[in-house]
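User: I'd like to learn how to read the packing inside a protein model. Can you walk me through it?

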Amino acid sequence: MKNIIGKSSVGLVCLCMLQACSIYPEKLSLFASIGLADHFTVHRHRNFVFPLDTSFYIPIPMVRAESPAVDVFVLESSVEIAFSALTSKFSYAVTGSHPEGLEAAFNSAADKRCNYVFYMEFIDIHDSVGFPMRPDWPGPGGIDRIHLKVILAEVKTRQIIDSIDIQSESGWSSFFHDRPIELLRLPLRNVSVLLSSQWN
């Protein structure tokens, strides 16, 4: 009987491990902490929440010369992902149609009668090819990762009211073959939850 219970316990632990590898755990997960699973961190500088009827304008950010890996496809895809995340919690969000800086985004947001601008600035993006060597590997082999800052600004006053730092990396269980832009999906969902959590 003890043998059966022991085997059952081992089987249950193995199933839990496999399940944890198949999802995208948060930063405090054991599998994330050892680099086995994809993982992310989200750091807000403030902790207020928005009413669910808040409207957001999500512009396509400008391509920065110092970040050649961040092309128009990455920028447009990030806007689509952010739109999906915000509309899962809030009643209204609208996206821009062309790249624009923050100042231009204020004008576009005002024209669309949005309350806030949700502006993304890419800091780093790395798409690995081949076997990863170490997290800071600069060559073709390395860990898939993406790092960006989200600026939340009020349209009426044009004041930045919060900034959110997002970092996401692939893990061993994905064999480091994630597309970096896909690593944004759950962090941005997490941001949407954080911005609306009081009302859920």
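**Cores and rings**

Analyst: Of the 34 residues in the largest nonpolar core, Phe-118, Met-120, Ile-166, Leu-184 and Leu-188 touch the most other members. Strands E1, E2, E4, E5 and E6 and helices H3 and H5 each give two or more residues to this core. Keep in mind that this is a predicted model.

User: Which element gives the largest share of this core?

Analyst: Helix H3 does, with 7 residues. As a general idea, nonpolar side chains tend to be buried together in soluble globular proteins. For a close-up, take Ile-166: its contacts include Thr-41, Val-42, Ile-146, Leu-184 and Val-191. There's also a second, separate core of 12 residues, with Val-94, Leu-102, Ala-153 and Val-155 among them.

User: How do I read a pair of aromatic rings?

Analyst: You describe the pair by the distance of the centres and the angle of the planes. Here, Phe-56 and Phe-90 are edge-to-face, 5.0 Å centre to centre with 70 degrees between the planes. Phe-56 is in strand E2 and Phe-90 in the loop between H3 and strand E3, 34 residues apart. Both Phe-56 and Phe-90 are buried.

User: Why is the pair of Phe-56 and Tyr-116 called tilted?

Analyst: Their planes are at 35 degrees, with centres 6.2 Å apart, so the pair counts as tilted. Phe-56 is in strand E2 and Tyr-116 in strand E4, so this pair ties together parts 60 residues apart in sequence.

User: Which residues do ring pairs link into a cluster?

Analyst: Phe-48, Phe-50, Phe-56, Phe-90 and Tyr-116. One more thing to look at: the charged end of Arg-44 sits over the Phe-48 ring, 5.3 Å from its centre.

How values were computed:
Residues numbered from 1 in each chain as written. Predicted model: local features only at pLDDT ≥ 70, side-chain atom pairs only at ≥ 80, totals over all residues. Heavy atoms only, no water. Core = buried A, V, L, I, M, F, W, Y, C linked by side-chain atoms within 4.5 Å. Buried < 20%, exposed > 50% of the residue type's maximum accessible area, 1.4 Å probe, protein only. Helix = DSSP H or I, 4+ residues; strand = E, 2+ residues; numbered from the N terminus. Contact = heavy atoms within 4.5 Å. Phe/Tyr/Trp six-rings, centres within 6.5 Å; stacked < 30°, edge-to-face > 60°. Lys NZ or Arg CZ within 6 Å of the ring centre and 35° of its normal. Lists of a residue's contacts leave out its neighbours within four places in sequence.
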